[in-house]
Amino acid sequence: MEGTLKEKFIAKLETCYGPWNEIRSKFGANPFGVISRDLSISASQFSKLISGTATEGMYQRSIENVERVIQQRATLEALRISQGEEEKLHSRLSFLAKESKRQKLIWLGGGALLASLVAGLIFVLQTTEVDTRANSPFEIKGHPLAAFFDQDFQASFNSPYLDLSEVQDYCPCGGYEGTWALDKTYKLPLPASQPGLYYLSRSADVRMKCSRSDTLTAGKGRVLMGYEYLINEIWIDRDLSPLSPTYFDKDSKQFTAAFEALNFDQESNFAKIATIHSFFIDKFELYDDSIVRRGEPYGRFATDIDTKLARQYKVDVKYILEQVIGNLTTTDCAPAANPFCDPNDLQEELSAINFQCLYTIRSENMGIGGGYPYQKGYRLKKQSYSDNLVCKCGD
């Protein structure tokens, strides 16, 4: 079996990089070190693959990695061709514009007409009362650190993830590095001047990397840093219904089945007031049986504010950002069970870490004498390194 897989692996390498030169340890003009970096495996593992001593799983994963490199190259080549065709089109359009003065005048006339229409539209908007939504000029698309974490492996950048030569030294942490997302959404009540305000989690886009320096508490290879970009929302119950007893049981301090079943998007009496963007830095300590999370907020801002709705229900979004979410609330999360004592068990799209938390209000707890329970979890989306980590449970 291994001989067959070895032959398939080498054939894939020759397709991607060129003929195998055994004497010079190259495929085409590419030395083994360059290829192992492309495939995100160590030099020792690459040697095992070439010599025929690797496991079946290592061969299968490495063959998939070669196919990924082939696909990336094909995509880049298609993009290059597309850009070339686009440049030709721009050149042709420029030539036609210079050749036809009449066409130029038509475009100028069209531009004047468009300017008139825009001016008229602005006048109408300025003189007509509309349901406005305030948007922040700082709204961002995607994770704010994406340029530092997610560039192509061929780009000129220094990835914050561990180098291949460090991965085994920082085991099991190296297996957790990569992109994680919110496992499941959750919702919580917000204390304010009236009942009916809720905080709904939408997404969490997280980049996790090993800490090379913060190793004193849990040990080397046991501290994971998370850079978490969250999108949450503020919703209002137009009926301003009290939280208890319909949605929260004060005796058991648990949300009711009616609350769990609430889908704000589908309930006609609920409306969204604003979108909240937050950034957290998390520290995860990895133990054989548990994972401890400590998170610290690094700022938040609101976009897509429905100002008409906020005025109607006297909701001060800035106050909620600074006082309710920022200063009056705390969260206390119990350690999560660690099902990945062996980091080789981590799988993209399947592996998740879930924390059971309590959301409390320092000032008065809305009269319940305790906190609101919720679960916050992270699901592995894209793993930076996954091949044969050598540390074992109890090391």
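**Disulfides and a lysine**

Tutor: The link of Cys173 and Cys210 is left-handed, with -130° about the S-S bond. This pair joins distant parts of the chain, 37 residues apart: Cys173 in helix α7 (residues 173-176) and Cys210 in strand β7 (residues 197-210). Helices (H or I, at least four residues) and strands (E, at least two) are DSSP runs, numbered from the N terminus. The model is predicted: local features need pLDDT of at least 70, side-chain atom pairs count only at pLDDT 80 or more, and totals for chains, interfaces and linings use all residues. Residues are numbered from 1 along each chain as its sequence is written, and side-chain values use heavy atoms, with hydrogens and water left out.

Student: How many disulfides does the structure hold?

Tutor: There are 4 disulfides, each a pair of cysteine sulfur atoms within 2.5 Å.

Student: Are Cys173 and Cys210 buried or exposed?

Tutor: Both Cys173 and Cys210 are buried. Buried means under 20% relative accessible area, exposed over 50%, and partly exposed in between (1.4 Å probe, protein chains only).

Student: And what about Cys341 and Cys393?

Tutor: Cys341 and Cys393 form a disulfide with sulfur atoms 2.1 Å apart. Cys341 counts as buried at 17% relative accessibility, whereas Cys393 is partly exposed, at 44%.

Student: Changing topic, which side chains does the side chain of Lys272 contact?

Tutor: The side chain of Lys272 makes polar contacts with those of Thr275 at 3.0 Å and Asp304 at 3.1 Å. A polar contact is a pair of N or O atoms within 3.5 Å; within protein, one must be able to donate a hydrogen and the other to accept it, and residues adjacent in sequence count only if both atoms are side-chain atoms.
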